[in-house]
Amino acid sequence: MPRVKKCLIYIGVAAFLHQFPRFFEKQYVPHFTVWRGHREEVCRGKLAPWLDKISVDGYFTAYFTFRVLFVHLIPCTSLVVLNVLLFRAMRTAQVNRQKLFKESRKTECKRLSDSNCTTLMLIVVVTVFLLVEIPVAVVTILHIISSTLVEILDYDIANKLILVTNFCIILSYPINFAIYCGMSRQFRETFKELFIRGAVTSRNGGSSRYSLVNGPRTCTNETVL
């Protein structure tokens, strides 16, 4: 756990430093315009003067390159590799489970089945994440290429794609919740205990394999971990 906490702190600090310059990249000045036949004073945003000193193109190229590498490309590639490894581990566990079942070693078989269900849930959650993040990474990469090398991106289409991908990202949050509810019995029990009055579960001997609500555990496509 200490390593996990340190890793989360490092990631949080890196994310903050990555976004910190964006708080100061624009400034707003008064601007007069004609609206409905009247002269109105409005605010107009423009890039801050310090960007001209360090090159606007260089700043945005560095920002989006860092974003593509450390926000999209490396995490998505790592998760694809993780998914492949999880799938292989699940297939190996299925073979081992069949061997244990033939040898009538039910305790080890049940333990391996629970682990397999957890692996399957992780694969599904990671797959949903990749389905919504990879299109964002592709659009960002095309934006960098179009801004620095060759103009290949139609920004009318790109803006529509960004709206669709952002909607899919928002939609993935309740989907993940549904995945946890559908594939994790313990998650459902804990959710009931926290948010539903009167839905108190009793675990036999501190184990999550039995509850008064759901009865004894069976070998299903659910995880109790």
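User: Arg 36 – buried or exposed?
Analyst: In this predicted model, Arg 36 is exposed, with a relative accessible area of 71%.

User: And where is Arg 36 found?
Analyst: Arg 36 sits in the loop between strand E1 (26-35) and strand E2 (38-47), and its phi is positive, at about 55°, although it is not a glycine.

User: What about Ser 55, what is its phi?
Analyst: Ser 55 has a positive phi of about 85° and is not a glycine either; Ser 55 belongs to the loop between helix H2 (49-54) and H3, where it is partly exposed, with a relative accessible area of 34%.

User: Switching to H5: how far apart are its end C-alpha atoms?
Analyst: They are 40 Å apart, which agrees with the 42 Å that the 29 residues of helix H5 (residues 155-183) should span at 1.5 Å a residue.

User: Where does H5 bend?
Analyst: The bend, of about 25°, is at Ser 172, and Pro 174 follows within four residues. Ser 172 is also one of the buried residues of H5, with Thr 165, Ile 169 and Asn 176 among the others.

User: Which residue caps the N-terminal end of H5?
Analyst: Asp 154 does, with a side-chain oxygen 3.1 Å from the backbone nitrogen of Asp 156.

User: New topic: how much space lies in the largest pocket, and what lines it?
Analyst: The largest pocket holds about 280 Å³, and its lining includes His 18, Phe 66, Arg 67 and Phe 70. Helix H1 (2-19) and helix H3 (56-102) are the elements that give two or more residues to that lining, whose residues divide into seven nonpolar, two polar and one charged.

How values were computed
Residues numbered from 1 in each chain as written. Predicted model: local features only at pLDDT ≥ 70, side-chain atom pairs only at ≥ 80, totals over all residues. Heavy atoms only, no water. 1 Å grid on protein atoms, 1.4 Å probe; cavity = no way out; pocket = protein on both sides within 12 Å on 5 of 7 lines; lining within 4 Å. Points joined across faces, edges and corners; volume = space filled by probe spheres on them. Nonpolar A, V, L, I, M, F, W, Y, C, P; charged D, E, K, R; others polar. Expected span 1.5 Å × (residues − 1). Bend = angle between axes of the 7 residues up to and from the residue. Buried < 20%, exposed > 50% of the residue type's maximum accessible area, 1.4 Å probe, protein only. Polar contact = N/O pair within 3.5 Å; in protein donor to acceptor, adjacent residues only side chain to side chain.
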